[in-house]
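Colleague: I would like to learn how to read charged contacts in a model. Please take me through them.

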Amino acid sequence: MSVQVDCRGLNCPVPVIQTKQAIESNPEELIITIVDNEAARENVKKLAENMGYQVTIEEKEGTYHLRMERDDTSEIKKEAKKEEKPTDIINAGSTVIYIPTDKMGVGSDELGQALMKSYVYALMEAKPYPETLLFVNSGVNLTTEGSPVLEHLKILADAGVEILSCGTCLDFFELKERLAVGNVTNMYTIVEKMNQAGKVIRI
């Protein structure tokens, strides 16, 4: 038996939320979610995988059918990932840093850009590292090609810091194809990360 979630015409985070509700209500069933845009496809896929499901995707006439089946080995994989997590991250107390702009402070844009570059450099040098960096609105300029802090962010990502950029924001600024570090996320995941954090710092 399968449960179908038709999310055609819906933008994130609605497909993610509806898929999550279907999974939680039908934990033993095959879940099939239908979406019609790439952002929803990727966000639903990530949600399902994080919840312990194997995902296969079939494209049909401009829509994506995501088949999600529970992966019995998911708990083992999660435990293995925990063992691999750097101690610099574990000791950070689940700190999430929320970055809604590519400038720091209000006043001079030129000064704000210089301050943001200095901040990310200092963040790279200071330990313990935060667990997650969330980039929204013009903040996504920092995770894309041409960013003055791209190399610093790559060092943080290599050290285990999760770097997430808002997919809607990347689409708005037409930057999705230029994302150079981290992964695309959605508003539901952003809210979830902030709610679960031990501490949220807004820049």
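**Reading the salt bridges**

Modeller: Asp6 has a relative accessibility of 38%, so Asp6 counts as partly exposed; buried means under 20% relative accessible area, exposed over 50%, and partly exposed in between (1.4 Å probe, protein chains only). This is a predicted model, in which local features need pLDDT of at least 70 and side-chain atom pairs count only at pLDDT 80 or more, while totals for chains, interfaces and linings use all residues. Residues are numbered from 1 along each chain as its sequence is written, and side-chain values use heavy atoms, with hydrogens and water left out.

Colleague: What is a salt bridge, and how many does the structure hold?

Modeller: The term stands for a side-chain nitrogen of Lys or Arg within 4 Å of a carboxyl oxygen of Asp or Glu. The structure holds 10 of them.

Colleague: Which residue does Asp6 form a salt bridge with?

Modeller: The partner is Arg8, and the closest N and O atoms of the pair are 2.5 Å apart. Arg8 is partly exposed, at a relative accessible area of 43%.

Colleague: How far apart are the closest N and O atoms of Glu58 and Lys60?

Modeller: They are 3.9 Å apart, and the pair forms a salt bridge. Glu58 is partly exposed at 40% relative accessibility, and Lys60 is partly exposed at 37%.

Colleague: What does Asp171 pair with?

Modeller: Asp171 forms a salt bridge with Lys176, with 3.3 Å between the closest N and O atoms. The relative accessible area is 40% for Asp171, which is partly exposed. Lys176 has 22%, so Lys176 is also partly exposed.
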